[in-house]
Amino acid sequence: MALARLARQAKRPNGVCIKMTAVAILGLCFIFVWSMFSSPSTSVTVQRESFDDIAEPVASGTRVSKSKGNELEKHGPNGHKNKVDSGLKKKDEKKVNGSLPLPTHEHKSGNKHEKHVSNRKKEKDKLKLPTSGVSKENPEHQEQVESQGEEVEKEKEDEEEVVVDGKEEGLDGEGEENGEKESDGDLDESVDQETQEKMENDNEGLKNEGKKRKIKGPVFDPKAHYSWKLCNTRSKHNYMPCIDVESGFTRLQSYRHTERSCPKAPPMCLVPLPHDGYDSPVRWPESKLKILYKNVAHPKLAAYLKNHNWLTESGEYLTFPQNQSEFKGGVVHYLESIEEMVPDIEWGKNIRVVLDVGCGDSSFVASLLDKDVLTLSLGLKDDLVDLAQVSLERGFATVVSPFARRRLPFPSGVFDAIHCGWCTIPWYSNGGKLLLEINRILRPGGYFILSTKHDSIEEEEAMNSLTSSICWNILAHRTDDVGEVGVKIYQKPESNDIYELRRKKNPPLCKEHENPDAAWYVPMKTCLHAIPSAIEEHGTEWPEEWPKRLETYPDWLNDKQKVIDDTKHWKDIVEKSYLTGMGIDWSTIRNVMDMKAIYGGFASALLQQKIWVMNVIPVHAPDTLPFIFERGLIGIYHDWCESFGTYPRSYDLLHADHFFSRLKKRCKQPVAIVVEMDRILRPGGWVIMRDKVEILDPLEGILRSLHWEIRMTYAQNKEGILCAQKTTWRP
C-alpha cells in the first residue's frame, strides 16, 4: 500500500522528491539482498583454507560422547566389550606396551561446503583430508613413539600413494609408464586385458576417493556371519591366486601366468592341506638338513629327485646331504673361489644383503647364512617343481614372482650382490630388459655373480656386448676345473661419469622424472637410471660393514631421531611382551612377516632370535623400504588388496601393527585379507595384531569362525592387542 501511494504521488508535478526517495529505497533493498546471498560464499572460502580440524569420519557403530571430551564410545556386538574388559582385570600382570589411541576430531560436512568442493575438482584432488589429529601426551616413552609413527604415516599416506604404487597415475611419470604397459604386445592377451581393467578401476577409484570416504563404515561388519569352503583349484593345496592360472584357462598346459594376474574378486575360500596332511615343520637349524616330505609333496618333485643328488628322499623326510650340491666340488669351494677372485667381496661384512635369482640348490643360501649373509631367494613363476616351497620349508627367505616384463617389487639400488647360479636366463633378449632390471635394483658398486655352463660363442658375445653397453666392469672370469662351471663377476659403476664416455648411448639414460623406485605393476624400461649423486638420495654411499650398518643412519634419512625412537620402542615391546608374555614357543618360529613395517624396528628387535623377517611395505604407505635394506634387512612392496607372492603355509608368525585400520580406504573386502593370512600361515602358526578395539572385536569373531585359537586379548584406552594361533581345521 505504501508503494502504491508513493507511485500516485510521483505522478503529480511536485513528486520529484518522492521519486528520488523510492529509488533510494529500492537500491537499499538490492544491496541487502545481494549481501545476503554473497556471504555464504565467503564463509565457504574461509573453511577451505584450513584442514586442521578435519579427521577421519567416525565409523558406524561408534558415537561421540560430548561429556567425555569427544572420546569414541564403542557399541559392538554383545559380549565382545565385556570380554576384553574382563581380560584387562585378569591380566594386569601381563601388561603390554600398547599405544594410546590418537584423538579424532568430529568431522562434519555441510551441504554448501560439499557443493563448493564439487565445483572445484582440481583443488579437491590436490588437497587430501588428513587422517589423524594431534597425539596425546604420554609419560611412557615407547607409547609416544608409536603414536608419532602412526601420525606421520597417516599424514603421508595419501600423498605417497602415487609415488610407490605404480598402478596409479601421479608423480614421477607413472602415468607414462603405465601407458607403455598397456601397449606392451609381448604380454599375454588375457594379462593385458586384466591389467588394463585394473588400471581403469584404480584410476576411477582415485577420482571418487572423496565420495567413498563419506560412506565408509567399519572395516569389518560386526553383525556378519561367515561360513567357509575349500578352494577348488587346479593347483589344489599349492594355490597361489595371483600366479596360478585358474578359470577360463583349463585347456592350457601351463598353469602359471607369465605376469602377476590376480582374480577380479579376491578368493574367499580356504586352501586345503596336502593330501597326506600337514605336520609341524622340522625346527631350525635341523630344517637345513631335512624337512618332512609330505609337507611339500608335489608330483613333479618326485621326478626331480631322480635326476638331482643335492636332495634325496629318506623315509618320511627330504634330506639335503652337506657333501652334495649342484656346484660340483661343494658350495663351500664355490664361495671361497668367488672371494679369491674378488677379495673385496667379504661375505658377512661388506656383503650383507644378497638376491639369489631362481630357487635351485639352496645350499648356496644355507652356506651364506653361516657367514652372516641374509639372502633372499627369488622363486620364478615357471618353477613347476615348487623348489621355492622347499626353500621356505627349510627356513630360507624366499618370495615367488614372475620375471618377464614388469619390475620386481623392490626399490632401486638396494642389493649388495645378486647371484644367478647355473643360470639359463637369456639376459640379452628383448633389448636386455631383464639385465637392466637387475641393474636397477643392484646397489651402485654392487656385484652381479653369474655362473653358467657351456655358453655358446654367440651367447657369450651377446652378453659381453650388453654388459659393456651398461658399463659393467668384468672383475673376474674363471672356468672352474673342479666345478665345471664358468663364473663371471661384474660390478655396477659407482658414478655417472662413465655413462657419458659411451660411444653409443644405447641403452639411453632414463628421463629425470621417471622414478626408479616405482615398482608395483610398472613395466621394465630399456633405459639406465642415473647413479644417485645428491646427498638426499639413497645409494650415494656404500653402507657400513655389518653389523654396524644396522644402527648407522645415512645422511639421506630425513628424521633420524624417529628411527632411533622406533628401534627402542620395538626392542622394549619384543623383550618385555612378545618373547615372554604371549605364550609363544619361539624355538618353533623361523619364518616371520611384518605385514606393515615402517623402519624395520620389529625385525631389528628380533635379530638375536634365530629367525628372519620379511618386511612388507604396503604400496600406499610412505616408502621406507630403501632404508630397511640400508640397515641390512630385507623387505618387499605389496598391495594387501591382492594375494601375496608365496606358497600356502609359508610363515610361522605374522605381525600386524595398526594394519587393518589403514585398509578401509583401499580394499573392498578386508575380510579377504584374513583369508590370505590363513593361506600363508602354517597350521600351528601365530599372529600378533595391534589395532583399535573396534577393529579387533569383529576380527576376533572372524578368527573364531576359522577355528583359530585366541590365546590372548588385551585392551587399554581403545587400543588393543590380539594373539591367536591357527589350527589344522579345514571345512
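Helices (H or I, at least four residues) and strands (E, at least two) are DSSP runs, numbered from the N terminus. The structure is a predicted model, in which local features require pLDDT of at least 70 and side-chain atom pairs count only at pLDDT 80 or more, while totals for chains, interfaces and linings use all residues. Residues are numbered from 1 along each chain as its sequence is written, and side-chain values use heavy atoms, with hydrogens and water left out.

Two cis peptide bonds were identified. One runs from W284 to P285, with omega near 10°, and P285 is found in the loop between α9 (209-215) and β3. The other joins N506 to P507, with omega near 5°; P507 lies in the loop between α16 (497-500) and α17 (560-578). In the loop between α9 and β3, K236 has a positive phi near 55° although it is not glycine. K236 is partly exposed, at a relative accessible area of 46%; buried means under 20% relative accessible area, exposed over 50%, and partly exposed in between (1.4 Å probe, protein chains only). Y521, in the loop between α16 and α17, is likewise a residue other than glycine with a positive phi, near 60°. Y521 counts as buried, at 4% relative accessibility.

Strand β7 (residues 374-380) is largely enclosed by the rest of the structure, because seven of its seven residues are buried. Both faces are covered: L374, L376, L378 and L380 lie on one side, and T375, S377 and G379 on the other. In general, side chains in a regular strand alternate between the two faces of the sheet. Strands are taken to pair if DSSP finds at least two bridges between them. Strand β6 (residues 353-357) runs parallel to β7 and is joined to it by five bridges, with L355 opposite L376 of β7. Strand β8 (residues 398-401) also pairs with β7 in the parallel sense, over four bridges, and here G379 stands opposite V400 of β8.

Together with helix α12 (residues 363-370), β6 and β7 make a right-handed β-α-β unit; a crossover is right-handed if, with the strands pointing away from the viewer, the path from the first strand over the helix to the second runs clockwise. The axes of helix α11 (residues 331-341) and α12 come within 10 Å and cross at roughly 65°. Axes are lines fitted to C-alpha atoms, for helices over the stretch in contact, and angles run from 0 to 180 degrees between N-to-C directions. The contact (heavy atoms within 4.5 Å) is made by V331, Y334 and L335 of α11 and S363, F364, S367 and L368 of α12.

Helix α13 (residues 387-394) has eight of its eight residues buried, so it is largely enclosed by the rest of the structure. Among these buried residues are Q389, E393 and R394. G395, which follows α13, has a positive phi near 100°.

Strand β5 (residues 317-319) is joined to β3 by three bridges, and L292 stands opposite Y317 of β5.
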